[in-house]
Amino acid sequence: MSNDIVLVIVVATALLFDFTNGFHDTANVVATSISTRAMPPRLAVLFAALLNFAGAFISIKVAATVAKGIVDAGAVTPTVVFAGLVGAIAWNLITWWYGLPSSSSHALIGGMIGATLAAAGASAVSADGVFGKVVIPALVAPTVAFLTAAVSILLAYRIIGRLRPGPVSNGFRIGQVASGGLLALAHGTNDAQKTMGVITLALIANGNLPEGANPPTWVIVSAAAAIALGTYSGGWRIIRTMGMRIIKMDPAQGFAAQGAGAAVILASSHFGYPLSTTHVISGGVMGAGAAKRVSAVRWGVAGNMVTAWILTLPAAGGIGAAVYGITRLFGTGATGPIVVAILILVGLTVIFVRRVQRGSPITAEART
């Protein structure tokens, strides 16, 4: 009975993480379309939310990587999964508060690694899996997106250089609707699967599924719904950073960045890499800006983002390890996760009540 209570808490926490993932990563999908006025803000996030939901059903290869390829499923308990999720949620909220587009994917993986290390030691973490399926893609993917967007925008400017700016901009805005939709579909395909993988890992650890099992249908549907709802809620602070503070973006640059990001994410999802969509689309935005003029990119803002990226794995891992240590103070039963879950709910309630009392600048930012 105690294990079942912990499992319910883990599933609820995983879906909460999935919600914060959508909320935090909305900017990845819609910022370029909003900043170039290709779509109104609320329509853009609704469009992205629907396609995030649909994208979650395309593949389960990333879910399999998260469930099997990074930590030893035999050494993981539902409490470990819970602690890892809390580490990821905490880092998502910290970076959202400061408007930094960090990686929800790496926060989740870092949280899981930290909690697993605290519970079972280094032998329970696959160094090859972390290096080959997390670290290498984290370096390669944004670089590929940067180069792809840079080449795309140079070709686009060469083709449209002698045409009238007005019709060209309108044409690229229409193109952004299509490329933005593809990017939203890719985001749902890659990011929702991470939550599916974590819930599946918890079900395996609790004995509800055999080791190596794929996510059940209810897990896929609930993860898709959670990330879609989070996306519709919109992380407006990060949208401003992604869409306006890195470069002053024109429709052609927005189209190139979105297209490059979607291509890289879909390719990575096909091979089962749990990619950071934040890193990819940021690389695309920087590439589209730098190809036009190197000084067009606000490299100070970009540097702050890179710092957040570097800190994500160790920071989320440290929080995950600390949360696991706190739960163990109450023994191995359900008491620790219950106490931590109550503290999280109280903390989130206080944060959002204070924001409402201050007039919630999020709404104002959505209109600008």
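Buried means under 20% relative accessible area, exposed means over 50%, and partly exposed lies in between, with a 1.4 Å probe and protein chains only. The exercises below use a predicted model, in which local features need pLDDT of at least 70, side-chain atom pairs count only at pLDDT 80 or more, and totals for chains, interfaces and linings use all residues. Residues are numbered from 1 along each chain as its sequence is written, and side-chain values use heavy atoms, with hydrogens and water left out.

**Exercise 1. Classify Phe172 and Phe255 by accessibility, then describe their ring pair.**

Step 1. Phe172 has 14% relative accessibility, so Phe172 counts as buried.
Step 2. Phe255 has 34%, so Phe255 counts as partly exposed.
Step 3. Rings of Phe, Tyr and Trp (its six-membered ring) pair if their centres lie within 6.5 Å; planes under 30 degrees apart are stacked, over 60 edge-to-face, and the rest tilted. This rule gives 2 aromatic pairs.
Step 4. The centres of the Phe172 and Phe255 rings are 5.7 Å apart and the planes stand at 55°, so this pair is tilted.
Step 5. Helices (H or I, at least four residues) and strands (E, at least two) are DSSP runs, numbered from the N terminus. Because Phe172 belongs to helix α7 (residues 165-205) and Phe255 to helix α10, the pair ties together parts 83 residues apart in sequence.

**Exercise 2. Check the length of helix α10 (residues 251-270).**

Step 1. The expected span is 1.5 Å times one less than the number of residues.
Step 2. For the 20 residues of α10 this should be 28 Å; the end C-alpha atoms are 29 Å apart, which agrees.
Step 3. As for cover, 14 of the 20 residues in α10 are buried.
Step 4. Just after α10, Gly272 has a positive phi of about 85°.

**Exercise 3. Describe the nonpolar cores.**

Step 1. A nonpolar core is a set of buried Ala, Val, Leu, Ile, Met, Phe, Trp, Tyr and Cys residues joined through side-chain atoms within 4.5 Å.
Step 2. The largest core has 51 residues, and Val81, Phe82, Leu85 and Met196 touch the most other members. Helix α4 (residues 78-97) gives the most to this core, with 9 residues.
Step 3. A second, separate core has 13 residues, including Leu183, Ala257, Val264 and Ile281.

**Exercise 4. Summarise the protein chain.**

Step 1. The chain has 14 helices and 0 strands.
Step 2. Of its 368 residues, 55% count as buried.
Step 3. On pLDDT, the predictor's confidence in each residue from 0 to 100, the chain has a mean of 82, and 89% of its residues reach 70 or more.
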